[in-house]
Amino acid sequence: TYEKAYTYLVEALEIRQATMKQNHPDTATTFHLIGIVERKLGDCERALGFLLSSLHIRKTQREQGDTALTLTEIGHVHRQLQDDFSALCCYEKSMEIINQHYGNNNTRLIDIYLPLGNIKRKQGILDEAEDYYQCALQISEERLGDKHRKTGIVFRNYAFLHFESKSYNEALEKFETF
């Protein structure tokens with residue numbers, strides 16, 4: 001359960017803080033994981049605190065992939081708090097880091113393009129939503145294949161976009177593709 005995970009992670013954090021340097025990557029990872037658990041438990045404010053602690057440490061590290069990962073998770077928290085502007089900022093910064101360090105075809109981008117598309121769809125900016133879903137689909141199909149779970153998620157979101165824009169034939173086509 002998330003409650004047990006939280007208990008063990010807090011204990012791990014206390015041990016890490018007592019035995020490691022303050023800016024150790026393992027401490028950042030533990031902050032990050034506690035933030036995820038807090039979000040899953042519904043306490044977004046606490047989740048944000050742990051994730052920001054993780055981000056503070058991760059920004060000092062050479063490996064920026066973890067920084068992008070934490071920024072993406074912070075974006076998820078902001079979306080859950082209905083703060084689309086802050087979520088967009090986090091996703092865009094994460095996307096910038098991934099593109100710069102790993103290229104524009106990295107599978108981590110799928111987890112950014114999907115929520116960006118969802119935000120744009122919610123805002124009624126359907127052409128931008130479709131662009132994000134198309135980017136996610138292209139990476140997912142090329143890198144993961146057309147029968148991967150994430151590819152199915154992209155098709156589902158794409159289908160909802162067409163359904164909401166009353167393009168019922170296109171929606172049905174996307175649902176049937178996977």
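## Helix H4 and its surroundings

The buried residues of helix H4 pack against H2, H3, H5 and H6; helices are DSSP runs of H or I with at least four residues, and strands are runs of E with at least two, numbered from the N terminus. Here buried means under 20% relative accessible area, exposed over 50%, and partly exposed in between, with a 1.4 Å probe and protein chains only. Contact means heavy atoms within 4.5 Å. In H4 the buried positions are Gly65, Thr67, Ala68, Thr70, Leu71, Thr72, Glu73, Ile74, Gly75, Val77 and His78. With 16 residues at 1.5 Å a residue, H4 should span 22 Å, and its end C-alpha atoms are 23 Å apart, which agrees. The expected span of a helix is 1.5 Å times one less than its number of residues.

H4 is followed by Gln82, whose phi is positive, near 65°. Gln82 lies in the loop between H4 and H5 and counts as exposed because its relative accessibility is 57%. Gln82 and Ile119 are 37 residues apart in sequence, while their C-alpha atoms are 9.9 Å apart in space.

## Model and overall fold

This is a predicted model, in which local features need pLDDT of at least 70 and side-chain atom pairs count only at pLDDT 80 or more, whereas totals for chains, interfaces and linings use all residues. Residues are numbered from 1 along each chain as its sequence is written, and side-chain values use heavy atoms, with hydrogens and water left out.

The chain has 9 helices and 0 strands, giving the pattern α-α-α-α-α-α-α-α-α along the sequence. Its C-alpha trace spans about 60 × 30 × 30 Å along the principal axes. Of the 178 residues in the chain, 44% are buried. Among contacts between residues at least 6 apart in sequence, 51% join residues at least 24 apart.

## Helix H5

H5 has 19 residues and reaches 26 Å from its first C-alpha to its last, close to the 27 Å expected at 1.5 Å a residue. The buried residues of H5 are Asp84, Ser86, Ala87, Leu88, Cys90, Tyr91, Ser94, Met95, Ile97 and Ile98. H4 and H6 are included in what covers them. Just after H5, Gly103 takes a positive phi of about 95°.

Ser94 lies in H5 and counts as buried because its relative accessibility is 0%. Leaving aside neighbours within four places in sequence, Ser94 is in contact with Ala68, Leu71, Thr72 and Ile112.

## Helix H6

Helix H6 covers residues 110–123; at 1.5 Å a residue its 14 residues should span 20 Å, and its end C-alpha atoms are 20 Å apart, which agrees. Because 11 of the 14 residues are buried, H6 is largely enclosed by the rest of the structure. Those buried are Ile110, Ile112, Tyr113, Leu114, Pro115, Leu116, Gly117, Asn118, Ile119, Lys120 and Arg121. They pack against H4 (65–80), H5 (84–102), H7 (126–144) and H8 (149–164). Gly124 follows H6 and has a positive phi, near 85°.

## Nonpolar cores

A nonpolar core is a set of buried Ala, Val, Leu, Ile, Met, Phe, Trp, Tyr and Cys residues joined through side-chain atoms within 4.5 Å. The largest has 33 residues, and those with the most contacts inside it are Leu109, Ile112, Tyr113 and Leu116. The elements that give two or more residues to this core are H3 (44–58), H4, H5, H6, H7 and H8. H5 supplies the largest share, 7 residues. Apart from this core lies another, of 8 residues, among them Leu9, Val37, Phe50 and Ile57.

Leaving aside neighbours within four places in sequence, Tyr113 is in contact with Met95, Tyr132, Cys135, Ala136 and Ile139.

## Largest pocket

About 300 Å³ of space lies in the largest pocket. On a 1 Å grid over the protein atoms alone, a pocket is an open set of points where a 1.4 Å probe fits, with protein on both sides within 12 Å along at least five of seven lines; lining residues have an atom within 4 Å of a point. Grid points are joined across faces, edges and corners, and the volume is the space filled by probe spheres set on the points.

Of the 17 residues that line the largest pocket, Leu69, Thr72, His76, Arg108 and Asp111 are the closest to its centre. H2 (25–41), H4, H5 and H6 are the elements that give two or more residues to the lining, and H4 gives the most, with 7 residues. The lining divides into 6 nonpolar, 6 polar and 5 charged residues; Ala, Val, Leu, Ile, Met, Phe, Trp, Tyr, Cys and Pro count as nonpolar, Asp, Glu, Lys and Arg as charged, and the others, Gly among them, as polar.
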